Amino acid sequence: MANQSEQTSLLRLLLAASGKHDALKPFLDEVLPEARALLPAGALAIVRSNPPKWELQAVSGMVERDIPADLVADAMDRDGLATQGDVAAAALGDGYAL
């Protein structure tokens, strides 16, 4: 879990980047690498459900084939967080997951 300083830095990053982009992809491409550095995360990816597959929206620190699709599906089914070992997936709403 990120400490208070890391959370504040992450919120500032998200706020600053949100004002520079009018589309999701460029926003995510900017913030994911920086968010990954601020958080204790080896990799981050945002995917969107488009049955029967997942559409990769943005990624940092991994390649698409490494995304744990079953874990992401579990998080989406729970509409919350799913973990397996040191990997976590979280439903973000509207068919998106982290």
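A residue is called buried here when its relative accessible area is under 20%, exposed when that area is over 50%, and partly exposed in between, using a 1.4 Å probe on protein chains only. Helices (H or I, at least four residues) and strands (E, at least two) are DSSP runs, numbered from the N terminus. What you're looking at is a predicted model, where local features need pLDDT of at least 70, side-chain atom pairs count only at pLDDT 80 or more, and totals for chains, interfaces and linings use all residues. Residues are numbered from 1 along each chain as its sequence is written, and side-chain values use heavy atoms, with hydrogens and water left out.

Let's start with helix α1. On its outward face, Gln4, Leu11, Arg12 and Leu15 are exposed. On the other side of α1, Leu10, Leu13 and Ala17 are buried. Those three sit on the same side of α1 because they cover an arc of only 60 degrees around the axis (the arc is that of the directions from the helix axis to the C-beta atoms). The general rule behind this is that an α-helix has 3.6 residues a turn, so residues three or four places apart point the same way. The buried residues of α1 pack against α2 (24-38), where contact means heavy atoms within 4.5 Å.

How far apart are the end C-alpha atoms of α1? They are 21 Å apart, which agrees with the 21 Å that its 15 residues (4-18) should span at 1.5 Å a residue. That expected span is 1.5 Å times one less than the number of residues.

Now for the inside. A nonpolar core is a set of buried Ala, Val, Leu, Ile, Met, Phe, Trp, Tyr and Cys residues joined through side-chain atoms within 4.5 Å. The largest one has 11 residues, among them Leu10, Leu13, Ala17, Val31 and Ile46. α1, α2 and β1 are the elements that give two or more residues to this core, and the largest share, 5 residues, comes from α2. Take Val31: leaving aside its neighbours within four places in sequence, Val31 is in contact with Leu13, Leu14 and Ala17. A second, separate core of 9 residues includes Ala45, Val47, Ala82 and Ala89.

On to the sheet. Two strands count as paired if DSSP finds at least two bridges between them. Here 5 strands form an open sheet in the order β2-β1-β5-β4-β3, with antiparallel pairing. β2 and β3 stand at the edges with a single partner strand each, so one side of each has no neighbour in the sheet. β3 and β4 pair over 4 bridges, and Ala82 has Ala89 in β4 as its bridge partner.

Two helices meet these strands. α3 packs on the sheet, touching β1, β2, β3, β4 and β5, and its direction makes about 45 degrees with that of β4. α2 lies across β1, β2 and β5, running at about 55 degrees to β2. For these angles, axes are lines fitted to C-alpha atoms, for helices over the stretch in contact, and angles run from 0 to 180 degrees between N-to-C directions.

Finally, the loops. Pro52 lies between β1 (44-50) and β2 (53-60), and the peptide bond from Pro51 to Pro52 is cis, with omega near 15 degrees. Asp79, in the loop between α3 (69-78) and β3 (81-84), has a positive phi of about 55 degrees although it is not a glycine. At 60% relative accessibility, Asp79 counts as exposed. Asp94 sits in the loop between β4 (87-93) and β5 (96-97); its phi is near 55 degrees, again positive in a residue other than glycine. Asp94 is exposed, with a relative accessible area of 74%.
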